[in-house]
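Here is a short report on a structure, taken piece by piece. Start with the chains and their contacts in view.

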Amino acid sequence: MPPPVFELEDVSYSYERVAALQGISLTIAAGQRVALLGANGSGKSTLLRLLDGLYFAASGTVRFCAGPLTEERFQDETFAFDFRRRVGLVFQNPDVQLFNPTVFDELAFGPLQLRWPPDLIRQRVTRTLDDLNIAHLKDRPPHRLSGGERKRVAIASVLILDPQVLLLDEPTAALDPRSQSQTIDLLAGWKDTGRTVVSATHDLDSVEEIADYCLVFEAGRLVAQGPPAAVLGDDDLLRRTGLLHAHRHAHASGEVHSHPHRHHDHTS
Amino acid sequence: MHIPDGYLSPATCAVLYATSAPFWYVALRRLKRRLATKLIPLLSVFAAFAFVVMMFNLPLPGGTTGHAVGVSISSIVLGPWASILAISIALFIQAVFFGDGGITSLGANCFNMAIAGSLVAYFTYRAVSGKCAIGSRRRVVAAGVAGYLSINVAALLAALEFGIQPLLFRDAAGAPLYAPYPLKIAVPAMMAGHLTVAGIAEMLLAAGLVAWLQHSHPSLLSATAPGAAPPRSRDCEEAVAPVIAWRAIRPLLAGLAALLLFTPLGILAVGSAWGEWSPHDLADQAARRQIAAVSAHRALPPGVPQGLDRLSSIWTAPFPAYAPRFLRNQSFGYFLSAAFGSGLILLAAVALDWVLAARRRSG
Amino acid sequence: MRPNRVIEGSLRSLLGVIERTLESEELARRSGVLQRLDPRVKLLGFLGLIVATAASRRLEVIAAVFALTLVLAMLSQVPLGTLLIRVWAGAFAFTGLIALPALFLTPGRPVARLPLLGWVVTAQGFRGAVYLISRVETTATLSMLLVLCTPWAHVLKALRVLRVPVVLVVTLGMTYRYILLTIAAAEEMFESRRSRMVGRLAAKDGRRLAMATAGVLLSKTMQLSGDVYLAMQSRGFRGEVYVLDEFRMRPGDWGWLALFCALAAAALWMGH
């Protein structure tokens, strides 16, 4: 059993008197690829920020690699730098993450803050740009990037630190289909690399490719967990937690009606 | 109100940069201490907001439209020091990148709008809103007054900077090298536009945004409302006509009255105040000896200096030497002048108070 | 039906900013003389010339600097038409209007008389107006040229040579970036309102629209600041910022720096 990377015990977090997370207990093992499922507002983003040491639990304990994850520990620069290098978070809205004048500067930001030597930084930036096929965007300012390009730059700016744990908040949200599939390919490519990946998503179609285990959230509570096949096959659960929808559509047979479905189920 | 390059002499620009620098330095130090890591994202994003808001065309009563600067709302939400830096940053970008305002005159623009504007807006807002609850109407009025005053103070400073240019900087032939209008033209010209258009635009923006924030994000107003009464308190809603809290400034008024009584002490000083000589003093032999005596016996200029002669006749005070001519007793004259001066100021405050209260009752 | 001034006017200003940005990015990519210079040399050189123009007491010196600026513009493939629209026309109209009364109001030796009104133009008034207009035009052209030929990010990093603290350089960069984002948000709000509008907007409604837009922008602004802060922290930011030094002076750069210094010094001395 691989060592646990994150261990949460009865964790709660409130934001402006609204309980965003209540009584969360879970364990994420090293190398595991986990999907956090739930409708908007179910607490997925809050949990990711807790895991990234940006928010700190009001009650309960959060442990990272068997050590406590608290605000006090981050005062220690050595621990902080180590953590920031090992854990990376890709935010849902790339604009929040692209605050430097050019793509090059954006990628260089993380390493610069971690005080890497300049030559190493330049080298790594070039390599990461090539890895993600965005070398041609090196000197572009963020406002001249398309949605898909912004997402890739945001991911690149986190990947350059070569983190062992990657947290992604809605990685395919608001992307055009081609960018979506490129992103999914990227995430799928991390299978068996030893990287721990936690993705919050409500795009059920891609879950099986990007995760080996699912955690389902509803109104700040963890209501179900299990491998994707089990969770995704439970229509009741999906409907209850707002992950399923029903709208009028046509079947191949020509029949038009509405019933709960997910889009790749149109064989019947 | 953004002063371009070429209107102010390099000397004036240098002086204004030098005057702004300590404010920037203090602001940066204080903010670093208080906000630490949050400083950069907060300032950048707010400066961007101010920049964009400066572009809005605000419809004003009377059918015109005007532009606000946003310095007052910035002060009210962020506090004076952060506002100083945020607005300075927005002005920098406007000047350098968009040519709105000059580079040599950036110090002047920052001093007028970012520094003086922020400080005036903040203290006016605090003074007028007192300890009112965050959601009270009085804060909206306070914001409006703060906006109006801050813009007009900034405009006045700019007018003064313009007005002294032809006085101090002329070429050999006497042509003005920079802004060509003396104070008596520059001040009314600048103030006319700002008292009517720009001031009102700023007032509307500040009052409007504070009202909007009270609805949707009251927590954003809490930074500049320490000790604000809890929302349930009826004190401020039922506040009687006076907008200025007369009760609160009673100690001030008592102090002012005491000072008034002591003004005749000035007569005890021997001779005339150093530097306050009239052409008459410099022409009279006896007076000249006296001046030399208090000036470490330096040689005086022969006769009356040209500039002094020319300028001293520009303005003749109604009460020269602080005593109306008909009064015999000097100390009584002093006292009367002091009372008259303070009375004028108080009268203006009461008038403003009454006007604002009347508008609130009808509005 | 007259278009509504709140929406149209605001949109025009906002879009104008975007246009300026795009145009200057395009010009900064051309391979002219100025584009190839180290940004620090340009910054120092142009600042020297601006100060010299501001300090000059002689019209000939101002004219000479202006001519030099034109030459630099042409060598850098900056179309004079662009300068005309971006700088000259606006500055001339604005400052010309301000300087006009000075022709009559400045005391001095009369040189002309207006036919109908009988107002007297003085020599000093005329000279004063010429000083003002020429100075404004020249300095405005210089600063615009600097920015048109240099990517914004480089202008900011070059400020370090003037001992501007790093925290300000980084803040300026982020501000510029978020100006464009905020403009996009404001634009969207105004355009959506415009598309839903029938008939004219009364002044009161116009005010409410402007306030609501500003209010929404303000709350988005505060939200954004919180999120950006988290994003910065997530990548290791702890309060001190660092930037990568990427400028290297080449021999040609030193030569140009010397040239700029000499020209500025000459202008200062001759204009004294």
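Axes here are lines fitted to C-alpha atoms, for helices over the stretch in contact, and angles run from 0 to 180 degrees between N-to-C directions. The model is a predicted one. Two packed helices are described by the angle between their axes and the distance between the axes.

Take H2(C) and H5(C). Their axes come within 9 Å and cross at roughly 175°. Angles over 145 degrees count as roughly antiparallel. H2(C) and H5(C) are therefore roughly antiparallel to each other. From H2(C), the contact uses C:Lys42, C:Leu43, C:Phe46, C:Leu49, C:Ile50, C:Thr53 and C:Ala54. H5(C) answers with C:Arg135, C:Thr138, C:Thr139, C:Leu142, C:Ser143 and C:Leu146. By class, this contact of H2(C) with H5(C) has seven nonpolar, four polar and two charged residues.

## A hairpin in chain C

Chain C also has paired strands. S1(C) covers residues 110-113 and S2(C) covers residues 120-122. The two pair in the antiparallel sense over three bridges. C:Arg113 stands opposite C:Val120 of S2(C).

Together S1(C) and S2(C) form a hairpin, with six residues between them. In the turn, C:Gly118 has a positive phi of about 75°.

## Where chain C meets chain B

This contact takes 67 residues from chain C and 56 residues from chain B. On the chain C side, helices H1 (5-28), H2 (39-55), H4 (80-105), H5 (123-148), H7 (166-195) and H8 (203-234) each supply at least two residues. H8(C) gives the most to the side that touches chain B, with 18 residues. That side of chain C divides into 41 nonpolar, 19 polar and seven charged residues.

## Where chain C meets chain A

Here the contact takes 21 residues from chain C and 26 residues from chain A. Helix H6 (152-158), H7 and H8 of chain C are the elements that give two or more residues to the chain C side. The largest share of that side, seven residues, comes from H8(C). By class, the side of chain C that touches chain A has 13 nonpolar, four polar and four charged residues.

## The sheet of chain A

Four strands of chain A form an open sheet in the order S2-S1-S4-S5, with antiparallel pairing. Its edge strands are S2 (18-29) and S5 (67-68) of chain A, and each pairs on one side only.

S1(A), residues 4-15, pairs with S4(A), residues 59-64. That pairing is antiparallel and runs over five bridges. A:Leu8 stands opposite A:Val62 in S4(A).

Chain B has 13 helices and two strands. Of its 363 residues, 43% count as buried. Take the contacts in chain B between residues at least 6 apart in sequence: 72% of these join residues at least 24 apart.

The largest nonpolar core has 237 residues. Those with the most contacts inside this core are B:Leu43, B:Ala50, B:Val52, B:Ala86, B:Ile93 and B:Ala206. Helix H6 of chain B, residues 137-163, gives the most to the core, with 16 residues.

Which residues does B:Ala50 contact, leaving aside its neighbours within four places in sequence? B:Ala50 is in contact with B:Gly70, B:Ser74, B:Ala86, B:Ile87 and B:Ala90. One of these, B:Ala86, is itself among the residues with the most contacts inside the core.

Key:
Residues are numbered from 1 along each chain as its sequence is written. Chains are lettered from A and ligands numbered from 1 in the order in which they are written. This is a predicted model: local features need pLDDT of at least 70, side-chain atom pairs count only at pLDDT 80 or more; totals for chains, interfaces and linings use all residues. Two residues are in contact if their C-beta atoms, placed from the backbone, lie within 7 Å. Ala, Val, Leu, Ile, Met, Phe, Trp, Tyr, Cys and Pro count as nonpolar, Asp, Glu, Lys and Arg as charged, and the others, Gly among them, as polar. Two strands pair if DSSP finds at least two bridges between them. A residue is buried if 20 or more other C-beta atoms lie within 10 Å of its own, exposed if 12 or fewer, and partly exposed in between; C-beta atoms are placed from the backbone. A nonpolar core is a set of buried Ala, Val, Leu, Ile, Met, Phe, Trp, Tyr and Cys residues joined through C-beta atoms within 7 Å. Angles under 35 degrees count as roughly parallel, over 145 as roughly antiparallel, 65 to 115 as roughly perpendicular and the rest as oblique.
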